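Hi,

Here is the structure I promised to pass on. Have a look at it first, and my notes follow below.

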Amino acid sequence: MSVNREQLIHDLRDCVAEISFQKKDGTNTKRNVTLMPSYLPEEYRGKIQEEVNKDGNPDLLSVWDVGKPGWISFRLDWITSIQQKDSV
């Protein structure tokens, strides 16, 4: 699945999405993720862009995991599906 990084970042600022991706160990997982400030703890709300780019690798994306609150990162080319769950 080809994913445009900037478009995904833009979309996740306005919604929660279920993203399926392959993990480093080769297993597949689904996570509900977002970049909506209302889902993040106060201390991260002003640092979203910093967190998104913290790995310094354009092939990686850091997002907020809604189900297990915290930042997670994954490779964009390992995404297998994206489904919008909730929007503003």
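First a term: a residue is buried at under 20% relative accessible area, exposed at over 50% and partly exposed in between (1.4 Å probe, protein chains only). By that cut-off, buried residues make up 38% of the 88 in the chain.

Before you dig in, note that this is a predicted model: local features need pLDDT of at least 70 and side-chain atom pairs count only at pLDDT 80 or more, while totals for chains, interfaces and linings use all residues. Numbering starts from 1 along each chain as its sequence is written, and side-chain values use heavy atoms, with hydrogens and water left out.

On the fold: there are 2 helices and 5 strands, taking helices (H or I, at least four residues) and strands (E, at least two) as DSSP runs numbered from the N terminus. In sequence order the pattern reads α-β-β-α-β-β-β. The radius of gyration is 12 Å, close to the 12 Å from the globule rule for 88 residues, so the chain is as compact as a globular protein of that length. That radius is taken over C-alpha atoms, and the rule is 2.2 Å times the number of residues to the power 0.38.

Now the inside. A nonpolar core here is a set of buried Ala, Val, Leu, Ile, Met, Phe, Trp, Tyr and Cys residues joined through side-chain atoms within 4.5 Å. The largest one has 21 residues, and Leu-8, Leu-12, Ile-19, Leu-35, Val-63 and Ile-79 touch the most other members. Helix H1 (5-12), strand E1 (15-22), helix H2 (48-52), strand E3 (60-65) and strand E4 (70-75) each supply at least two residues, with E1 giving the most, 4.

Rings of Phe, Tyr and Trp (its six-membered ring) pair if their centres lie within 6.5 Å; planes under 30 degrees apart are stacked, over 60 edge-to-face and the rest tilted. The whole structure has 4 such pairs. Phe-21 and Phe-74 are stacked, because their centres are 4.7 Å apart and their planes at 25 degrees. Phe-21 is in strand E1 and Phe-74 in strand E4, so this pair ties together parts 53 residues apart in sequence. Both Phe-21 and Phe-74 are buried. Tyr-44 and Trp-64 make a tilted pair, 5.6 Å centre to centre with 50 degrees between the planes. Tyr-44 is partly exposed at 24% relative accessible area, whereas Trp-64 counts as buried at 6%. Ring pairs link Tyr-44, Trp-64 and Trp-71 into a cluster.

Cheers
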